[in-house]
Amino acid sequence: MAAIEWSWSRLMEFMIQSAHQLEVSPIVKYSALSLFADRFCPSLTRYTVGSNGKGNWLLQPIRESNLQLFALIALWISSKIHDSRPVSVKSFKSLGDKIIKDEHFTTRDFLEAEIVFMQVLDFEIGTSNIAFLLLEELLLQFKGVAKVGELLRFEACMDIMDLLYEKEETSTLYRSPRSLAASILIASYLITVPKQRWEFPILPWVGFVTSCKEENIVELVQEILKLVFEPR
């Protein structure tokens, strides 16, 4: 991937802004981010050096505008998985016309890109084990056992997850979606819950519920807090 000239942070910002402009639900947004950032992009090198990816104009060469198209495709696929009334390809094309600056993609291009996207993922598009769903479930459990859970803002959890994607940390630091969810929950707890209300033993509880080692969670939480509070 090093030979491909594009900016990860700019691409993630593009995808997150696209999700907001389309007003998709959080599950659609984070399923799409998982499909695109955690699975599609890491698989590109393997796919393009093989016989399958050779000759396809969307992959040879891989331009940032093409990756922006694939980011929209991830959102489209995710919408079709999770929404009873998925966002239409017309809406995605209209958005692409406005925000993809270097190339104009037709509706046919979107349909072709969807096929390529699925091929790169070997048609494995399950999203039942993504960090967002695990985090959502973990927060519900936390609120069920501790009153202080009501003070933990889920919006803060999502802001942290966005930041980690923008920094490319979801793939490099957090190999396990469960560890990622556990670490984000505790980091959000430390950020949003007043210090005088820290009476609940959240670290042992999260370690027990997730079967993650406490020392590993502590290390990941420290990395998250460094990213959150580092000067921009």
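Lys93 lies in helix H4, which spans residues 89-99, helices (H or I, at least four residues) being DSSP runs numbered from the N terminus. The model is a predicted one, in which local features need pLDDT of at least 70 and side-chain atom pairs count only at pLDDT 80 or more, whereas totals for chains, interfaces and linings use all residues. Residues are numbered from 1 along each chain as its sequence is written, and side-chain values use heavy atoms, with hydrogens and water left out.

With a relative accessible area of 17%, Lys93 is buried, a term that denotes under 20% relative accessible area, with exposed denoting over 50% and partly exposed the range in between (1.4 Å probe, protein chains only). When its neighbours within four places in sequence are left aside, Lys93 is in contact with His104, Phe105, Thr106, Thr107 and Phe110, contact meaning heavy atoms within 4.5 Å.

Helix H4 also packs against helix H3 (residues 64-82), the two axes coming within 11 Å and crossing at roughly 155°; axes are lines fitted to C-alpha atoms, for helices over the stretch in contact, and angles run from 0 to 180 degrees between N-to-C directions. H3 and H4 are therefore roughly antiparallel to each other, since angles over 145 degrees count as roughly antiparallel, those under 35 as roughly parallel, those from 65 to 115 as roughly perpendicular and the rest as oblique. In this pair, Leu72, Leu75 and Trp76 of H3 meet Val89, Phe92, Leu95 and Gly96 of H4. By class, the contact of H3 with H4 comprises six nonpolar residues, one polar residue and no charged residues, where Ala, Val, Leu, Ile, Met, Phe, Trp, Tyr, Cys and Pro count as nonpolar, Asp, Glu, Lys and Arg as charged, and the others, Gly among them, as polar.

A further helix pair is formed by H9 (residues 177-192) and H10 (residues 202-210), whose axes come within 11 Å and cross at roughly 160°. That angle makes H9 roughly antiparallel to H10. Arg178, Ala182, Leu185, Ile186 and Tyr189 in H9 meet Ile202, Leu203, Trp205, Val206 and Thr210 in H10. The residues of this contact divide into eight nonpolar, one polar and one charged.

Helix H1 (residues 8-22) contains 15 residues and reaches 21 Å from its first C-alpha to its last, close to the 21 Å expected at 1.5 Å a residue, the expected span being 1.5 Å times one less than the number of residues. The buried residues of H1 are Trp8, Leu11, Met12, Phe14, Met15, Ile16, Ser18, Ala19 and Leu22. H1 is followed by Glu23, whose phi is positive, near 60°.

Notes. Helices (H or I, at least four residues) and strands (E, at least two) are DSSP runs, numbered from the N terminus.
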